[in-house]
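Have the viewer open as you read.

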Amino acid sequence: MAPTATAEAPAPAPTAASVLAKKLAVREKNEDGSPLYPDYMPFYDPLETVEDLGYFDHYDPGHRADPNYPNLLANATKVVDLSPHVGTEVEGVQISRLTPAGLDELALLAAKRGALVFRNQDFRDLGFDAQKKIVSHFGPLHVHGWAPHPAAGSPEHMVIYDHKEDLRVRKSWRGRSPVQWHTDQSPEPQPPGTSFICMLESPTAAGGDTLVSSSVAAFKGLSPRFRKRLEGLTAIHSNNDGVTQELKNNGAGAVMRRKELIQEHPVVLVHPVTKEKALYVNPVYTKKIVGFDEEESDYLLKFLFDHIAKRQDFQCRIRYEAGTVLVWDQRITHHSQTLDYPAGERRHAFRLTPLANKPIPALVEQDDGECQRDEARVQLNLC
Ligand SMILES: [Fe+2]
């Protein structure tokens, strides 16, 4: 006869799956599924227009910085490099409390390390005006040609939003890889410098990271003779693919705030503060090497784009939670989204993007002893 079940039966032993479910760290979410930051929901106005800023004087704050970082790092509890060539995480510092001298030092450290990560920032709760005041320290704020901003205004706040109720971004990547290395808005006459992403809400468990690559290391990773061949070249940058995509995806609802941008920039630029040379081409916006025939240009650009994408030894990966702020220098890095989390999950952030100097070309020099200064190459008899 089968035993009778009683109310005192012992609880089943925990399974591996249930232990994992209890231990797995999940990110901040509202229980009812509503967004953590409703004031930053994306707003699309197809009738909105914005005038181009044109050329302006730029003096990089990094020029004024104390290279010992007393105003930025005096209260830091930990500073961890994420990889040898790019990315540093700083603990114990609130960006909102930095003085102008501290912000100058932030520009310098971003120019040296490419990308800086600050977690648990109250920056997310400061409101539009205070956020813009801090980031304007680095240059006039860019307004994107078609990306959304919050409904309450502030067109400089570029909202990054993906969720099952608004799949506009995810659909724009339908049928192609969402990993696309680029520097934001390189077709601007004076493209972005020290830029900010503030994460408001991340996918539940993992995903939505930003990949960052050092374009200084990418340039140094080429042979000295090849580097010399690249210096002095210029390339055409255009956002016409983005404009076409926006019109195709959204038809009458497409946002066309600004005219199409086309600009010629040096293939190798020099950072105004550190004087480091960096590769300044990217597969999203760079269309053609000036003066090369089409096949030659395609061949060279394909090599450079592959070089940027493949060299994971020049890269790091930025993981976010609500309140993480990424500060990065777009003149010396490439980056990409990942879009690797389950479709329908919410990822919500905003970007504030100061424009900076007109790219400074690296000049062709006869023999500047560059190879002899590269210890690794000297040791391997590569000069
Ligand atoms: Fe980007």
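Helix α9 covers residues 294-310, 17 residues in total, and runs 24 Å from its first C-alpha to its last. That's close to the expected 24 Å at 1.5 Å a residue, where the expected span is 1.5 Å times one less than the number of residues. Helices here are DSSP runs of H or I with at least four residues, strands are E runs of at least two, and both are numbered from the N terminus.

Within α9, Leu301, Leu304 and Ile308 are buried. They sit on the same side of α9 because they cover an arc of only 65° around the axis, taking the directions from the helix axis to the C-beta atoms. On the other side, Glu295, Tyr299, Lys302, Phe303, Asp306 and Lys310 are exposed. (Buried means 20 or more other C-beta atoms within 10 Å of a residue's own, exposed means 12 or fewer, and partly exposed is in between; C-beta atoms are placed from the backbone.) The cover over the buried residues of α9 includes β8 (210-214), α6 (215-220), β12, β13 (286-289) and β16 (333-336).

## About the model

Keep in mind that this is a predicted model: local features need pLDDT of at least 70, side-chain atom pairs count only at pLDDT 80 or more, and totals for chains, interfaces and linings use all residues. Residue numbers start from 1 along each chain as its sequence is written.

Strands count as paired if DSSP finds at least two bridges between them. Strand β11 (residues 268-270) is joined to β12 by 3 bridges, and valine 268 stands opposite leucine 279 in β12.

## Proline 266

Proline 266 lies in strand β10 (residues 262-266). It counts as buried because it has 22 C-beta neighbours inside 10 Å. Beyond its neighbours within four places in sequence, proline 266 is in contact (C-beta atoms, placed from the backbone, within 7 Å) with Thr234, Tyr280, Pro359, Pro361 and Ala362. Threonine 234 is 32 residues away along the chain, yet the two C-alpha atoms are 4.2 Å apart.

## The whole chain

The protein has 11 helices and 18 strands. Buried residues make up 39% of its 383 residues. Of the contacts with a separation of 6 or more, 84% are between residues 24 or more positions apart.

How values were computed: Contact = placed C-beta atoms within 7 Å.
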